[in-house]
Amino acid sequence: MQLHRGLARLRADLHPDAATVATIGAFDGVHQGHQAVIEQLLEQGDAHNATTVLVTFEPLPREFFAGDHAPARLQSFRERFEAIAAAGVDRLLCLRFNEALRTMSAETFARSIFVDGLGVRSIVLGDDFRFGHDREGDAEFMRRLGVKEGFEIHPTRTLELDGERVSSSRLRRALQEADFELAEALLGRPFSLSGRVIYGRQLGRTIGAPTANIALRRRAVPLQGVYAVSVDSCDGGPTLSALHGVANVGVRPTIADTLKPNLEVHLLDRKLDVYGRRLRVSFREKLRSEQRFDSLEELKAQIDRDRDAARTFFSDRDFALS
């Protein structure tokens, strides 16, 4: 899949006579509902022998409007890119969400992106997607424009699980409640965080619990605490898989003085040099909430208990990494 940051670069890259079909949205999490939209997009690509284009935003619109008060991201941009690429989309068009885009009318936006920019034959729209100034654009608006400009609109159907809509907010709620079984059902895969292992303070080594410090590069994450996790590599290097560990997600109140979220992983009964590697950490069970300890000795004792709890958890189960 090719990434295009801004419409001009995509327009220059596409052949003048190329046919395109498109969809648009935040696609945070790329959950089963998003995957259904993408499947419909691919069907339209086949039907029109056309290039498939998924249009998204960075930052996400809710982040632009709410800033630090926005709901935590389910995925970094790179994780979102990788999930969309794995689904088989040809091109990802990322638009910078800024004041100019916020104040653009729905008609100006639709014409500049879909009509003049992509020359679309067909557009797949999520059932809840709104766009343009004051959210004036919707499926009916696009249908009327399509009649004038010669493209089709294909609204998606609401996807439900156990009688409730599959959505990013429902997934975020499941993670906050540590319901990883529901999260996996909503995603179609285990929930994971990924990033490159960087050098930290290496304090874990001094208390017998060396950790891999993974850069999250986001304002907030949708879960916080200590978890039993599965770990594998996702950087194209030598494969690391079938690794179990204990992960702490949070601000490390005992040893840190920052509110920036951090992910640290201690591999159970394994000693591996993973500095510089990109790891994927899949969350399986919450062991406890994050807490502050009065001394490193108390922290070390709790880490020992966490490791024992994780070993017990994994000894009773057989997790295949996915």
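Residues are numbered from 1 along each chain as its sequence is written, and side-chain values use heavy atoms, with hydrogens and water left out. Since it is a prediction, local features need pLDDT of at least 70 and side-chain atom pairs count only at pLDDT 80 or more, while totals for chains, interfaces and linings use all residues.

Let's start with helix α7, residues 139-149. Helices here are DSSP runs of H or I with at least four residues, strands are runs of E with at least two, and both are numbered from the N terminus. Which residues of α7 are buried? They are Phe141, Met142, Leu145 and Gly146, where buried means under 20% relative accessible area and exposed means over 50%, with partly exposed in between (1.4 Å probe, protein chains only). These four cover an arc of only 135° around the axis, so they sit on the same side of α7; the arc is taken from the directions from the helix axis to the C-beta atoms. Their cover includes α6, β5 and β6. At the start of α7, a side-chain oxygen of Asp138 comes within 3.3 Å of the backbone nitrogen of Glu140. After the helix comes Gly150, with a positive phi near 85°.

Next, strand β2, where we find Thr23. Thr23 counts as buried because its relative accessibility is 0%. Its side chain reaches the backbone oxygen of Val124 at 2.6 Å. Leaving aside neighbours within four places in sequence, Thr23 is in contact (heavy atoms within 4.5 Å) with residues including Val37, Leu41 and Val55.

Now the largest pocket, which holds about 1,000 Å³ of space. Of its 40 lining residues, the closest to the centre are Gly25, Ala26, Asp128, Phe129 and Arg130. Elements giving two or more residues to this lining are β2, α2, α3, α5 and α8.

Finally, some backbone details. Where is the cis peptide bond? It runs from Glu58 to Pro59, with omega near -5°, and Pro59 lies in the loop between β3 and α3. Two residues other than glycine have positive phi: Val30, at about 45°, and Asp134, near 60°. Val30 is in the loop between β2 and α2, and Asp134 is in the loop between β5 and α7. Are they buried or exposed? Val30 is buried, at 2% relative accessible area, whereas Asp134 is exposed, at 67%.

Note on methods. A polar contact is a pair of N or O atoms within 3.5 Å; within protein, one must be able to donate a hydrogen and the other to accept it, and residues adjacent in sequence count only if both atoms are side-chain atoms. On a 1 Å grid over the protein atoms alone, a cavity is a set of points where a 1.4 Å probe fits but cannot get out, and a pocket is an open set with protein on both sides within 12 Å along at least five of seven lines; lining residues have an atom within 4 Å of a point. Grid points are joined across faces, edges and corners, and a volume is the space filled by probe spheres set on the points.
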